[in-house]
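Subject: Structure for your review

Dear colleague,

Please find the structure below, handed over for your work.

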Amino acid sequence: MSKKLDRELYETELLRLQGELVKLQEWVREEKARVAVVFEGRDAAGKGGAIKRVTEFLNPRVARIAALPAPTERERSQWYFQRYVAHLPAAGEIVLFDRSWYNRAGVERVMGFCTPEEHRRFLRQAPIFERLLVEDGLLLRKYWFSVSDKQQEKRFHDRLDDPMRRWKLSPMDAESITRWEDYSRAKDEMFARTDIPEAPWLVVESDDKRRARINMIAHLLSSIPYHDIKRSKMRLPDRPPSTGYQRPPRDSQTFVPDHAASLA
């Protein structure tokens with residue numbers, strides 16, 4: 001295992017990479033590109049933290065997160081990929097999938113939420129689906145965040161003991177501890193069937209969250225041929241002279257209490 005990345009080095013490099021992500025965003029918007037990034041991995045592998053750092057300085061009208069809830073009854077009757085297609089990026093957009101269609105190859109397979117035939121059908125169709133997307137010009141990246149069993153369990157305990165993060169821990173997460181090998185077998189089969197040249201799986205070692213975020217963002221940037229978009233300089237206009245507008249009296253409006261004043 002690599003040494004944990006120094007915090008100061010991490011924050012310096014992260015800020016630099018986030019500046020490059022802003023450039024990537026402007027290139028995507030200017031070139032009408034379509035970028036879809038899939039974040040997969042075990043529970044507590046660090047996917048959410050990486051997504052948060054990717055989007056921190058981006059325009060939510062350009063870069064959005066797709067984190068789909070459990071399917072409705074109507075969606076269960078549709079072609080499996082159908083509801084994900086609706087969230088794919090249009091021209092000039094970046095979509096980050098916080099879990100994706102690969103739910104079927106992981107949690108649905110292990111927890112019995114799909115039938116063996118539905119699972120087999122998914123593994124047959126997923127490569128076809130992704131080849132069609134790439135052939136149509138969509139830039140698809142698939143990242144698998146790989147965490148060790150010991151580190152996963154430590155993060156679960158940290159969440160359990162932290163009231164600010166306890167909501168992240170679900171009964172499904174707890175059960176994943178007892179089904180570690182089942183998830184491992186499911187992941188191995190998924191890789192064997194869906195790691196294709198057009199859309200390969202990209203493994204991010206994530207026992208060190210700082211290192212994982214830096215490595216993942218750096219790779220994403222290196223995999224897309226973006227360039228800096230020169231924008232015309234803006235100049236703020238001079239404020240025009242007053243035409244006699246008078247602000248209404250303060251007591252005619254309801255202000256929030258000054259809680260900050262009580263902190264002094």
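A search of the whole structure finds 24 salt bridges, a salt bridge being a side-chain nitrogen of Lys or Arg within 4 Å of a carboxyl oxygen of Asp or Glu. The model is predicted, so local features need pLDDT of at least 70 and side-chain atom pairs count only at pLDDT 80 or more, while totals for chains, interfaces and linings use all residues. Residues are numbered from 1 along each chain as its sequence is written, and side-chain values use heavy atoms, with hydrogens and water left out.

One of the salt bridges joins Glu108 and Arg104, at 2.8 Å from N to O. Both Glu108 and Arg104 are buried (under 20% relative accessible area; exposed is over 50% and partly exposed in between, with a 1.4 Å probe and protein chains only).

Glu11 pairs with Arg7, their closest N and O atoms being 3.6 Å apart. These two residues lie 4 positions apart in helix 1 (residues 7-31), about one turn of the helix; helices are DSSP runs of H or I with at least four residues, numbered from the N terminus. Glu11 is partly exposed at 44% relative accessibility, and Arg7 is partly exposed at 45%.

In helix 6 (residues 116-135), Glu117 and Arg120 are 3 residues apart, and their side chains form a salt bridge of 3.3 Å, N to O. Glu117 has a relative accessible area of 32%, and Arg120 one of 43%.

Yours sincerely
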